[in-house]
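Hello,

Please find the structure we talked about below. My notes on it follow.

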Amino acid sequence: AEYMGTVLNRIIERHPRFFSFQHTMPPKEVPIATIERKFILDALKQGCRIDGRGESDLRNINITFGEKMGTVEVQLGTTRVLSAVSGDVVAPYPDRPNEGFLNFFVDFSPMASPFFEPSARPSERNIEIHRLVERAIKETRAIDTEALCILAGSKVWSIRCDVHILDHGGNLTDCVMLAVVTSLLHYRRPDITVVGDEVTIHSVDDRQPVPLSLHHIPIALSFAFFDDGNLWAIDPSLKEELCCDCTLVYTMNIHKEICCLQKAGGTPLTIQTLMKLAQIASAKTIEITEFIKQKLKDDADSPHRKVIQSFGYSKAKDPIDVFAQKQPPAQ
């Protein structure tokens, strides 16, 4: 345990940008009653939770694909997130002529929770989730921005991922990361042909669109701690988040690599606890990754998707309207 603790400390010192530690918890959306807090803690001490799960059980995950490639709705328990990926050809920065763009935008709509207020400035929770997504995908080079280059110094791909919070039922971090990764895997960009300095972008009617190249699939798993770190629970619900002392987010891939680690709250944790949770997160990451791949395969093999591909993709422009425009395939 001492050796593993020394190794972990050295990794944090050498790669500080992949690790984020906050001494205070982000502001709570709404206070929880004392008697309800006591009931939740008493249930955890007895090895159960208010929704019937065990301490290492995840809520049900449901993934729904829209007609437009790259539009995905993910439901984690009662938390729902919509992610839509789009691409455009733009000019690169002069100082980085060989790199494309990969941008993420997270929208905390008041529709998701009455405690999300519309504001020109992003909230602390918005910034926290946005930074975690960027560290897990951009800084670990899950998508290499140099692979988005079409013609050096002239044309590159600009990939934009818009995330909309639809329902807040707790653990937004895991649900957002799951939606972002799935939408990036589901997205298809138009095929291109480069001859000299001439670039031809083929329509979906001429050539089959091509997927983005993801080198690995980062999965976020959140743990909430109670009773000064003596109790913990994976995938906390909204009420569990409101009464926890601190949270710890592991972002890992199937190769058992920690992409980033984020802790909010000042409750100290032992090395034994960190190593135990890392093993649980690694096992859950493999299960979720296989689940995503199976869902993508089922969507690609579905008759509805084959009909859409044969006649061109959906003409819908607004990702929010994609799910409302579903119609049975033409005979």
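Burial and contacts

Of the 331 residues in the protein chain, 48% count as buried (under 20% relative accessible area, with a 1.4 Å probe and protein chains only). This is a predicted model: local features need pLDDT of at least 70, side-chain atom pairs count only at pLDDT 80 or more, and totals for chains, interfaces and linings use all residues. Residues are numbered from 1 along each chain as its sequence is written, and side-chain values use heavy atoms, with hydrogens and water left out.

The protein chain has seven helices and 15 strands (DSSP runs numbered from the N terminus: H or I of at least four residues for helices, E of at least two for strands). Among contacts (heavy atoms within 4.5 Å) with a separation of 6 or more, 74% join residues 24 or more positions apart.

Confidence

The average pLDDT (the predictor's confidence in each residue, from 0 to 100) is 84 for the protein chain, and 83% of the residues score at least 70. Residues 21-28 have pLDDT below 50, and this stretch has 24 contacts in the model beyond near neighbours in sequence. For residues 310-331 pLDDT stays under 50 as well, with 41 contacts beyond four places in sequence.

Helix 4 and helix 6

Helix 4 (residues 172-186) packs with helix 6 (residues 271-301) at an angle of about 40 degrees, and their axes are 11 Å apart (lines fitted to C-alpha atoms over the stretch in contact, with angles from 0 to 180 degrees between N-to-C directions). Leu-178, Thr-182, Leu-185 and His-186 of helix 4 make the contact with Ile-288, Ile-292, Leu-296 and Asp-299 of helix 6.

Regards

How values were computed:
Buried means under 20% relative accessible area, exposed over 50%, partly exposed in between (1.4 Å probe, protein chains only).
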